[in-house]
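Thank you all for coming; I would like to walk you through one model this morning, slowly and in order. Please have the sequence and the structure open as I go along.

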Amino acid sequence: MATTTPTKSKRAATENAATPLSNEELLRLYKQMVEIRLFEEKCEELYQKGKIGGFMHLYIGQEATGVGTIAARRPDDNIITGYRDHGAALACGMSARVAMAEMMGRVDGCSKGKGGSMHLADINLKFWGGHAIVGAQIALGTGLAWAEQYKKTGAVTLAYFGDGASNIGYFHESLNLAKVWNLPIVYICENNKYGMWTPVEKVSATTSMAHKAVSYDIPSDIADGMDLLDVYAKTQKAIEHCRNGNGPYFLEIVTYRYRGHSMGDQRAYRTAEEIKKWQADDPIGKFEDVLLKAGIDPTAIDAVDDEVKAMIEDAVAFADASPFPALDEIYTDITIE
Ligand SMILES: Cc1ncc(C[n+]2csc(CCOP(=O)(O)OP(=O)(O)O)c2C)c(N)n1
Ligand SMILES: [Mg+2]
C-alpha cells in the first residue's frame with residue numbers, strides 16, 4: 001500500500017479463502033485502515049510544518065482495532081474514546097475533510113476548529129469523542145449505556161481506553177456499576193503495552209487487562225489487534241452479548257503504537273527491534289493478504305490506495321481553505337462550572 005510506514009504484504013497469496021465478509025466489505029475495511037494511516041502520516045507532516053498545533057497522539061499500528069470493532073457495531077451503537085481518537089472518528093464515518101479541518105483548527109472542523117486533535121466528535125455519527133482526561137470516557141460511556149438502557153433503545157455502547165487507563169478510579173467504579181446495573185456496554189481496552197513511556201508491567205498489578213474484568217464478574221475475551229478479522233469476530237460476539245440483555249462485556253485488544261505517545265516523544269524507552277517486530281505483523285499488510293486470499297485483484301487494492309491518497313490531499317486543500325474561528329467564538333460552545 002501507499003503508506004511511508006512499512007507494511008508487509010508479499011502479495012504472494014493465490015488461493016481463495018473464506019472470510020465472514022464479502023469482498024466488497026473487505027475492500028471497504030481495508031480502505032478505512034489505509035485512510036487512517038495516510039491521514040495520520042499527513043498530520044505528522046503538517047505538525048512538523050506548524051499547520052497543526054497542540055497535543056497530537058497517533059493511532060498508527062492500531063488501525064485494525066478501530067476499524068474492526070466499529071465495523072461490528074450497529075449505526076446507533078455509541079462509540080466513545082480517549083485522546084488517541086483519529087482512527088475512531090474516521091471509522092465512524094467522519095469525512096477526512098472535516099477531521100482535517102479540525103486538526104488544523106478551522107471553522108469547518110467537527111468542533112468548529114476549537115477542539116483540535118483530542119476532541120474530534122460528531123454525535124450524529126454516535127461518535128461521542130475524543131476525551132483528554134485519562135479514563136473519563138470509561139465513566140461517560142457507562143453513562144451513555146445507562147441512558148440507552150433507560151430509554152430501551154437496544155443500542156450498545158463501545159467505550160475505548162488504554163492499558164494505562166485501566167489503573168484509574170473511573171475504570172473500577174464504572175465496571176462495578178455496569179455489572180450491578182447490567183448495562184449494555186463493551187469495555188474495549190487497547191493494550192498497546194505503554195502508558196506514555198511507562199511499560200504496563202511497571203504500573204499494573206497484572207499485565208492481563210482481561211483479568212481485571214474477573215473481579216467484577218464481567219465476561220471477557222482477548223483479541224489480536226494486528227488481525228482485523230479476529231477483532232471483528234470477537235467484537236461481534238461481545239456486542240451480541242450486550243444486545244441480548246446479558247450486561248457488560250470486556251474485550252482486551254493486544255496492539256502496538258508505532259509512533260511515540262504524542263508528538264515530541266523521543267521513544268528512548270523502547271528498542272528499534274521491538275518496533276520492527278510489531279511492524280512485521282502490520283495490520284494493514286496482514287489484511288492485504290486476506291484480500292488477496294479472498295481472490296481480490298491486486299489492481300483493485302492499488303486503486304483503493306490511490307483513491308485514499310487523493311482523498312487526503314483533497315482534505316488538506318479543503319482544510320487549508322477554511323478560515324480560523326473568529327475571536328468572539330472563544331466563548332461559545334463551552335461549559336463553565
Ligand atoms: C487524569 C489524567 N491523568 C494523567 C494524564 C496524562 N496522561 C495522558 S495520556 C497518559 C497515558 C495513558 O496511557 P493509556 O491509557 O495506556 O493510553 P495510550 O496513550 O497508550 O493510548 C497519561 C498518564 C491525563 N491526561 N489525565
Ligand atoms: Mg497504552
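Let me begin with a pairing: strand 1, residues 78-80, and strand 2 run parallel and are joined over three bridges, and within that pairing Ile79 stands opposite Leu158 of strand 2. Before I go on, a word on conventions: this is a predicted model, in which local features need pLDDT of at least 70 and side-chain atom pairs count only at pLDDT 80 or more, while totals for chains, interfaces and linings use all residues. Residues are numbered from 1 along each chain as its sequence is written, and chains are lettered from A and ligands numbered from 1 in the order in which they are written. Strands are DSSP runs of E with at least two residues, helices are runs of H or I with at least four, and both are numbered from the N terminus; two strands pair if DSSP finds at least two bridges between them.

On to the next partner of strand 2, which is strand 3, residues 185-191, running parallel to strand 2 and joined to it by six bridges. Here Phe161 has Cys189 in strand 3 as its bridge partner.

How buried is strand 2? Six of its six residues are buried, where buried means that 20 or more other C-beta atoms, placed from the backbone, lie within 10 Å of the residue's own. Thr157, Ala159 and Phe161 point one way, whereas Leu158, Tyr160 and Gly162 point the other way. In a regular strand the side chains alternate between the two faces of the sheet.

Stepping back, we have an open sheet of five strands with parallel pairing, in the order 1-2-3-7-6. Its edge strands are strand 1 and strand 6, residues 220-224, each pairing on one side only. Strand 6 also runs parallel to strand 7, residues 249-254, over five bridges, and there Ile222 stands opposite Glu252.

Finally, the ligand: of the 14 residues around ligand 1, those that come nearest are Val134, Gly162, Gly164, Ala165 and Gly195, a residue being near if its C-beta atom, placed from the backbone, lies within 6 Å. Strand 2 and strand 4, residues 194-195, are the elements that give two or more residues to this shell.

Terms used. A residue is buried if 20 or more other C-beta atoms lie within 10 Å of its own, exposed if 12 or fewer, and partly exposed in between; C-beta atoms are placed from the backbone.
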